[in-house]
Amino acid sequence: IIFIVAFLWFSKKYKLDALAFVDQTNILACFFISAFTSYTINRARIQEFSLSQKLENICNTDELSNLHNRRSFNNFIVTIFDQTPPENLTLMMIDIDNFKDYNDSYGHICGDNCLVTIGEIFKEFETTYGCYIARYGGEEFVLVDNKHTLTETVSIVNELMRIISDSNIEHFKSSYKKITLSIGISSKAMTGVSNYIDLINLSDSALYQAKSNGKNTFMVAAH
């Protein structure tokens, strides 16, 4: 608006002839067309980027638990494995104890609601401790910690198990009468593995041991 007013004032003050006025008008029109075109293109690019980000989030988020999904985890562990010092990389396989019995006893809708509740707890835990938690499949989750030593991570695991236990999610088919977790832990430094697949497999083996030891506990893979 200021530019238009200045232009009209300039034209009147210096009494531009018709040809000069047309030239000035064309310049002004080109300016506005250029500005509008630039604005439209930039707005379209921003909207496209925003849509792309939303689609990326959808593709990497588990619909039920709202945690990272298996696809996201696969990409994350490939990147983080080589970037993290061995003493700071720990991977945990987490399983909800007796979850099949839970579904059979309470029904699959209650089973889904339980996973939603667990997902909310895990999401808050992830933010608090700066770790990474994904739903691996079914009632199994994976936690990756790349900021703490194994000793520190064990303390974090104890805290996670306490939080779930204190949530008191009823499970009358469990010997503990509530939802509990079993966890298998593998440390890159302790196991000396050279690839992330072995790290996952060792965590899975440690999880099996935890299940065999009565559940509601964790085991650390030694090698």
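**View 1. Contact of H4 with H5.** Phe99, Tyr102, Asn103 and Tyr106 of H4 meet His108, Cys110, Gly111, Cys114 and Leu115 of H5 (contact: heavy atoms within 4.5 Å). By class, this contact holds 6 nonpolar, 3 polar and no charged residues. The model is predicted: local features need pLDDT of at least 70, side-chain atom pairs count only at pLDDT 80 or more, and totals for chains, interfaces and linings use all residues. Residues are numbered from 1 along each chain as its sequence is written, and side-chain values use heavy atoms, with hydrogens and water left out.

**View 2. Packing angle of H4 and H5.** Helix H4 (residues 99–106) and helix H5 (residues 108–129) pack at about 130 degrees, axes 6 Å apart. H4 and H5 are therefore oblique to each other (under 35 degrees is roughly parallel, over 145 roughly antiparallel, 65 to 115 roughly perpendicular, the rest oblique).

**View 3. Threonine 153 in helix H6.** Threonine 153 lies in H6 (residues 150–167). Its relative accessibility is 0%, so threonine 153 counts as buried (under 20% relative accessible area, 1.4 Å probe, protein chains only). A polar atom of its side chain lies 2.8 Å from the backbone oxygen of threonine 149. Not counting residues up to four places away in sequence, threonine 153 touches Thr90, Met92, Asp145 and His148. The C-alpha atoms of threonine 153 and methionine 92 are 9.8 Å apart.

**View 4. The largest nonpolar core.** Among its 28 residues, Ile94, Ile118 and Phe122 touch the most other members (core: buried Ala, Val, Leu, Ile, Met, Phe, Trp, Tyr and Cys residues joined through side-chain atoms within 4.5 Å). H6 gives the most, with 7 residues.

Key: Axes are lines fitted to C-alpha atoms, for helices over the stretch in contact, and angles run from 0 to 180 degrees between N-to-C directions. Helices (H or I, at least four residues) and strands (E, at least two) are DSSP runs, numbered from the N terminus. Ala, Val, Leu, Ile, Met, Phe, Trp, Tyr, Cys and Pro count as nonpolar, Asp, Glu, Lys and Arg as charged, and the others, Gly among them, as polar. Buried means under 20% relative accessible area, exposed over 50%, partly exposed in between (1.4 Å probe, protein chains only). A polar contact is a pair of N or O atoms within 3.5 Å; within protein, one must be able to donate a hydrogen and the other to accept it, and residues adjacent in sequence count only if both atoms are side-chain atoms.
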